[in-house]
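Take a look at the chain below. This report covers aromatic rings, charges over rings, and a pocket.

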Amino acid sequence: MEVWQKNLAESLTTPEQLAAHFPVDVAALARVVERYPLRITPHYFRLIREVGDPIWRQCVPDPRELDDLDQPEDPLAEESLSPVPNLVHRYPDRALFLVSGICAGYCRFCTRKRKVGCAAMRVTMGDVRAGLDYIARAPQIRDVILSGGDPLLMSDLLLKEILDGLSRIPHLDLVRIGSRVPVMLPERITESLCALLRRYPPLYLNTHFNHPREITPEAAEACARLVDAGVQLGNQTVLLKGVNDDAEVLRELFRGLLKIRVRPYYLHHMDLARGTGHFRTAIAEGVAILEALRGSLSGLAIPQYVIDLPGGKGKVPVCPDYVQRAGDEVWVRTPEGERIRFPEVNG
Ligand SMILES: *Cc1c(COP(=O)(O)O)cnc(C)c1O
Ligand code: SF4
């Protein structure tokens, strides 16, 4: 067994284990865990400083998860957009290939919380082959996103099999991996994994940091190993109430990511997934945060703020509105709020 597998096996998975460290209502949490699994890796658990802090909120079950019944379990209509199990084909040129049913730790706000870590998401080798077959027969697909669950929880051997399968499909331009492992289980980014990934360029990996306290020396080293293996790193952050819905926190996060060679890609507005209501913010709050960042932070550090529309309608960017028209005149707002008249080209 490798070190990362041993550490993963030592993750905390029951409310009783939590209660050994913090005052929690074991019975109330047990009801949540019956429906939505709990797993916190030893590395991530060490980041908690106190009950209710931004790390705690992301990984410790909350009874409110069971109250949020108005929202659909599958807000992005992924199941109906899946021509074969565990492959979501929403955009003509891209396929989201869910190759793993499990994660290093279970994020309480996960959009796929209906199935990650549950029997419903067991991915078989047959599913993987069916997905590869589907992609091979769909020449319009250029970009395959390996997701899950977390693809990096697969063994190197299985991952190699999938990457080999994809590399034999001539119409693919690139492969992406979505993984929270650099944050939660950085020891998984081994030299042998990096040696494997190095063989499949162009390979993009979007990781998932939500708070500056997640940028630990271990996570930074994991990212450095990936970059040194030629993997292009981006980051997807979810805007979460009580965790990172604050311009100062996100400024520190995005700046910290650039320093570890990770380029902020998306800031996701919370999906309308059942069980995640207590994390939702208003769209206006996200827009205000972006406005606060613009002008005071490197443009390289500013991700696109996107909403993934219900019903599988796709992602759309949400931007502060800087341009105002008054008759024939165009006015543009500066990041500081001053209005500047901008000569418009006639025609
Ligand atoms: C987000 C997503 C993609 C990738 O979208 P990009 O905007 O290219 O990053 C592809 N397929 C599905 C189903 C998605 O949800
Ligand atoms: S790592 Fe990703 S897929 Fe897994 S629980 Fe967290 S958000 Fe969901």
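## Aromatic pairs

This is a predicted model. With rings paired if their centres lie within 6.5 Å, the count comes to four aromatic pairs. One of them joins Phe22 and Trp56. Their ring centres are 5.1 Å apart and their planes meet at 80°. Angles over 60 degrees count as edge-to-face, so Phe22 and Trp56 form an edge-to-face pair.

This pair links distant parts of the chain. Phe22 sits in the loop between α2 (15-19) and α3 (26-35). Trp56 belongs to helix α5 (residues 54-59).

## Buried or exposed?

Buried means under 20% relative accessible area. Phe22 has 15% relative accessibility, so Phe22 counts as buried. Trp56 has 10%, so Trp56 counts as buried too. Phe22 and Trp56 also share one aromatic cluster with Phe45.

## Charges over rings

Lys113 places its charged end over the ring of Tyr36, 4.3 Å from the ring centre. Arg339 lies over the face of Trp331, at 4.8 Å from the ring centre.

## The largest pocket

How much space lies in the largest pocket? The volume is about 1200 Å³. The pocket is lined by 49 residues. Closest to its centre are Thr111, Arg112, Ser147, Gln236 and His268.

Which strand gives the largest share of the lining? Strand β9 (residues 314-317) does, with four residues. By class, the lining of this pocket has 23 nonpolar, 16 polar and 10 charged residues.

Definitions and conventions:
Residues numbered from 1 in each chain as written. Chains lettered and ligands numbered in written order. Predicted model: local features only at pLDDT ≥ 70, side-chain atom pairs only at ≥ 80, totals over all residues. Heavy atoms only, no water. Phe/Tyr/Trp six-rings, centres within 6.5 Å; stacked < 30°, edge-to-face > 60°. Helix = DSSP H or I, 4+ residues; strand = E, 2+ residues; numbered from the N terminus. Buried < 20%, exposed > 50% of the residue type's maximum accessible area, 1.4 Å probe, protein only. Lys NZ or Arg CZ within 6 Å of the ring centre and 35° of its normal. 1 Å grid on protein atoms, 1.4 Å probe; cavity = no way out; pocket = protein on both sides within 12 Å on 5 of 7 lines; lining within 4 Å. Points joined across faces, edges and corners; volume = space filled by probe spheres on them. Nonpolar A, V, L, I, M, F, W, Y, C, P; charged D, E, K, R; others polar.
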